[in-house]
Number of protein chains: 2
Amino acid sequence: MAARCDSLIMSRIEAPRDETTGNLLDRLLSALPAEAVLTDPDVTASYANDMASFCDAGAPAVVVLPRTVEQVQHVLRTATELRVPVVPQGARTGLSGGANATDGCIVLSLVKMDRILEINPVDRVAVVEPGVINAALSRAVNEHGLYYPPDPSSWEMCTIGGNIGTASGGLCCVKYGVTAEYVLGLDVVLADGRLMSTGRRTAKGVAGYDLTRLFVGSEGSLGIVVRAVLGLRPQPPQQLVLAAEFASTDAACDAICRIMEGGHVPSLLELMDRTTVKAVNDLARMGLPESTEALLLAAFDTPDPAADLAAVGALCEAAGATQVVPAEDAAESELLLQARRLSLTALEAVKGTTMIDDVCVPRSKLGAMLAGVERIAAKYGLTIGVCAHAGDGNTHPTVCFDAADPDESRRARESFDEIMGLGLELGGTITGEHGVGILKKEWMARELGPVGMEMQRAVKAVFDPLGILNPGKLF
Amino acid sequence: MAARCDSLIMSRIEAPRDETTGNLLDRLLSALPAEAVLTDPDVTASYANDMASFCDAGAPAVVVLPRTVEQVQHVLRTATELRVPVVPQGARTGLSGGANATDGCIVLSLVKMDRILEINPVDRVAVVEPGVINAALSRAVNEHGLYYPPDPSSWEMCTIGGNIGTASGGLCCVKYGVTAEYVLGLDVVLADGRLMSTGRRTAKGVAGYDLTRLFVGSEGSLGIVVRAVLGLRPQPPQQLVLAAEFASTDAACDAICRIMEGGHVPSLLELMDRTTVKAVNDLARMGLPESTEALLLAAFDTPDPAADLAAVGALCEAAGATQVVPAEDAAESELLLQARRLSLTALEAVKGTTMIDDVCVPRSKLGAMLAGVERIAAKYGLTIGVCAHAGDGNTHPTVCFDAADPDESRRARESFDEIMGLGLELGGTITGEHGVGILKKEWMARELGPVGMEMQRAVKAVFDPLGILNPGKLF
């Protein structure tokens with residue numbers, strides 16, 4: 001560790017630096033330990049990007065890894081004084097470029113602030129720092145018989161701070177909702193370094209405007225979350241999964257509508273189209289049925305999941321399912337879920353690169369959405385696999401392309417955009433859970449309209465009058 | 001109706017009016033039908049107050065009852081042009097003075113915009129105007145097998161717009177959360193009359209800052225909600241209620257902690273103290289056990305509520321319950337709930353007037369809260385009954401006093417404030433579900449601190465730069 005620090009310090013001293021950067025580093029180091037300040041260009045370059053395609057990233061002037069609230073405050077005070085942009089980062093698993101660096105910025109990585117400060121089973125809350133890994137929190141609360149539902153696909157890597165920044169979702173949302181619904185209160189370092197507490201640690205609370213919720217999904221553009229009070233639920237019974245095959249996506253979507261209209265509350269209701277099923281088989285030899293046009297996975301974590309699966313299976317059959325297979329036990333259920341969780345990785349393997357749309361439509365419009373994506377794929381001559389949190393109407397049409405082929409890349413970007421246009425036409429949103437970042441800025445303006453955008457910008461200006469917080473994102 | 005309109009028009013013409021008011025009325029009437037504009041001082045005076053004690057109210061210049069979005073826009077444009085304050089109102093069942101008129105204001109009553117525009121069982125949403133009565137919506141969605149959970153005590157009278165304005169709760173919150181969690185999207189008329197849409201009608205959506213949530217609980221101070229997309233749930237099974245008697249509030253609070261720590265999810269978990277039980281008996285001869293120090297009501301709307309009640313009953317006994325009585329059926333359950341619902345009315349009958357606190361504490365602090373309220377009641381020589389949404393830690397200590405007695409009134413106000421101070425000391429909030437209004441302005445500042453208040457005011461200024469929207473509330 002000491003050797004690593006030395007080499008970093010040396011690189012800081014030795015790296016060619018202009019006066020501005022020198023001044024910035026001196027100010028930062030006046031209240032930060034040397035090991036929290038990275039300047040080696042090879043190292044800082046590795047912090048430039050999240051996992052989105054087609055998003056520009058600049059070269060950070062410095063990467064800072066604070067361990068305390070006071071250190072974050074010092075970074076923000078310094079940034080305000082010197083008018084230096086600050087790009088906050090968690091695990092950089094985001095898919096919209098929301099964590100991409102800008103030239104000369106301070107990358108503020110919160111990953112070292114990773115303590116779980118409290119888990120309280122009576123109050124059903126956890127208090128955490130932003131760098132806590134989602135899965136680490138989930139496991140820690142499980143030990144107390146508690147459940148933190150939000151489960152983005154990247155849950156083994158992504159941080160709670162990142163989840164809050166993007167208001168991320170996951171497989172659980174159809175029953176348990178998104179991250180936003182579990183954030184009760186926040187400590188936030190403002191652009192000028194002052195600390196603000198929002199919200200509460202109680203079950204309810206309505207004193208003043210809900211600034212907590214304003215920060216959730218704000219992609220680091222309003223302030224830096226340094227502590228969160230999260231609501232927890234009691235751990236539900238182990239869920240049991242059913243798989244249903246359909247000869248058309250239309251029939252699968254009809255089944256989804258019947259399930260939701262029938263008053264069922266599945267803990268998971270996912271769809272994989274033929275392209276996705278094939279990709280998963282190709283990658284992992286899962287033995288999924290490739291003759292199917294759409295594979296539906298439904299799960300229940302109720303006291304009698306087998307009964308619920310039977311009812312839902314009957315609805316699938318009524319909608320024309322060609323085969324309905326309820327898992328016998330947890331192990332079989334897990335196998336089916338693994339197939340779903342592999343979807344994005346498998347689609348990435350098809351052509352080397354993907355662009356993952358995140359369009360959410362009213363679930364009654366899911367059939368129209370999937371039909372439209374198929375048309376768009378044909379129009380652009382591209383492979384577009386769809387997996388979807390179908391119970392939420394949240395689709396992830398995933399454009400597979402060869403990034404080395406300029407024409408295919410152009411078509412990929414155009415089809416990606418056209419899919420968002422289709423989502424808006426169907427009364428949906430351009431992003432259900434991945435956020436706007438750099439990738440969807442123009443589309444956010446289209447979704448919100450001029451009045452909405454004016455008010456969004458005005459809110460941004462309240463919290464970030466100098467425009468130093470994650471500039472170039474959202475707007 | 002025509003006769004009524006005529007007399008209103010005459011009163012408008014005949015009432016002595018200064019130039020400013022005359023100009024205002026002329027402008028309003030240029031795009032509003034005469035029957036939507038009330039100026040008879042006797043009539044307008046009846047719109048001056050909500051149901052809070054100790055809150056000043058002014059004399060409105062005019063009461064406007066629009067029926068369309070365009071009419072609301074016209075009112076706001078006029079108000080901006082002439083710099084006239086606008087006080088939005090629903091059914092005026094609020095308990096914090098949030099709907100009280102200011103001198104010379106336009107009271108904007110939304111009660112005539114009371115259409116349910118859509119109920120969609122597949123998308124599980126309802127689209128409503130703000131004047132829809134809570135109970136009317138509940139019944140309408142029930143007919144589709146759906147459930148709109150928020151159920152404030154005033155649900156037979158209060159409007160959805162008012163519920164959104166105050167982010168109101170109810171008995172259901174311990175399982176189903178508050179109003180905020182059911183508001184997916186809004187159409188809002190801004191201070192200058194422009195129309196803004198926020199949010200979505202999809203299950204998920206994260207495009208931009210969550211302005212929807214910012215408006216929920218904003219007490220009409222940021223804009224006028226003219227349309228709301230509300231999330232719905234499938235209707236759960238009929239709940240079954242259990243009553244448990246305790247020889248001390250401490251034992252009852254211990255039971256509550258055991259129930260929540262044990263992972264149970266009751267659909268209702270309410271507490272009535274001895275004072276409240278006696279008041280209910282005095283009012284309605286309910287035959288509740290007056291020897292009890294605390295009566296706990298728990299309910300489950302699960303597939304097997306009797307089993308859940310048995311488990312919770314055992315936990316109550318372990319905590320020292322002197323008697324545990326599960327209801328045999330829906331009728332017995334309803335009787336127990338009626339007693340709870342009568343609590344506030346019954347406490348009002350004790351001395352003629354009440355002030356109802358709304359302090360929410362972490363539920364692990366509920367015992368300390370109730371003990372503190374007892375101390376405060378003794379200190380001030382007052383009757384303070386407590387009923388509580390105990391599962392949420394949301395207490396309603398209700399100060400009973402004779403408003404004609406100045407000294408008792410002073411003590412009532414002081415004890416009311418001291419209870420809020422106690423709530424803050426215990427890590428709670430001054431308002432769990434009733435809002436801030438006029439009554440708790442100073443206390444909101446104390447809860448949020450100077451930095452929080454500065455940002456709250458700055459957000460207010462974004463949406464209401466002229467300060468015409470419900471002035472004197474919150475701040």
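**Notes on rings, helices and backbone**

1. Y182(A) counts as buried, with a relative accessibility of 4%. (Buried is under 20% relative accessible area, exposed is over 50%, and partly exposed lies in between; the probe is 1.4 Å and only protein chains are included.)

2. This is a predicted model, in which local features need pLDDT of at least 70, side-chain atom pairs need pLDDT 80 or more, totals for chains, interfaces and linings use all residues, and side-chain values rest on heavy atoms, without hydrogens or water. Residue numbers start from 1 along each chain as its sequence is written, while chains are lettered from A and ligands numbered from 1 in the order in which they are written.

3. Over all chains, the structure holds 10 aromatic pairs. One joins Y148(A) and Y182(A): the ring centres are 6.1 Å apart and the planes stand at 75 degrees, so the pair is edge-to-face. (Rings of Phe, Tyr and Trp, the last by its six-membered ring, pair if their centres lie within 6.5 Å; planes under 30 degrees apart are stacked, over 60 edge-to-face, the rest tilted.) Y148(A) sits in the loop between β7 (146-147) and α6 (160-166) of chain A, and Y182(A) in the loop between α7 (173-176) and β8 (183-189) of chain A, so the pair ties together parts 34 residues apart in sequence. (Helices are DSSP runs of H or I, at least four residues; strands are runs of E, at least two; both are numbered from the N terminus.) Y148(A) is buried too, at 2% relative accessible area.

4. In chain B, Y147(B) and Y176(B) also form an edge-to-face pair, with 5.1 Å centre to centre and 85 degrees between the planes. Y147(B) belongs to strand β7 (residues 146-147) of chain B and Y176(B) to helix α7 (residues 173-176) of chain B; the pair links parts of the chain 29 residues apart. Both Y147(B) and Y176(B) are buried.

5. How do α9(A) and α14(A) cross? The axes of helix α9 (residues 249-261) and helix α14 (residues 366-380) of chain A come within 8 Å and cross at roughly 160 degrees. (Axes are lines fitted to C-alpha atoms over the stretch in contact; angles run from 0 to 180 degrees between N-to-C directions.) The two helices are therefore roughly antiparallel. (Under 35 degrees is roughly parallel, over 145 roughly antiparallel, 65 to 115 roughly perpendicular, the rest oblique.) T249(A), D250(A), C253(A) and I256(A) of α9(A) meet L366(A), G367(A) and L370(A) of α14(A). (Contact is heavy atoms within 4.5 Å.) By class, the contact has 4 nonpolar, 2 polar and 1 charged residues. (Ala, Val, Leu, Ile, Met, Phe, Trp, Tyr, Cys and Pro are nonpolar; Asp, Glu, Lys and Arg are charged; the others, Gly among them, are polar.)

6. α9(A) also packs against helix α11 (residues 305-318) of chain A, at about 140 degrees with the axes 8 Å apart. That makes α9(A) oblique to α11(A). A255(A), R258(A) and I259(A) of α9(A) touch V312(A), L315(A), C316(A) and A318(A) of α11(A). The contact has 6 nonpolar, no polar and 1 charged residues.

7. R92(A) is not a glycine, yet its phi is positive, near 60 degrees. R92(A) lies in the loop between β3 (86-89) and β4 (106-109) of chain A. R92(A) is partly exposed, at 23% relative accessibility.

8. R124(B) has a positive phi of about 50 degrees and is not a glycine. Its place is the loop between β5 (116-120) and β6 (125-128) of chain B. R124(B) is buried, at 8% relative accessible area.
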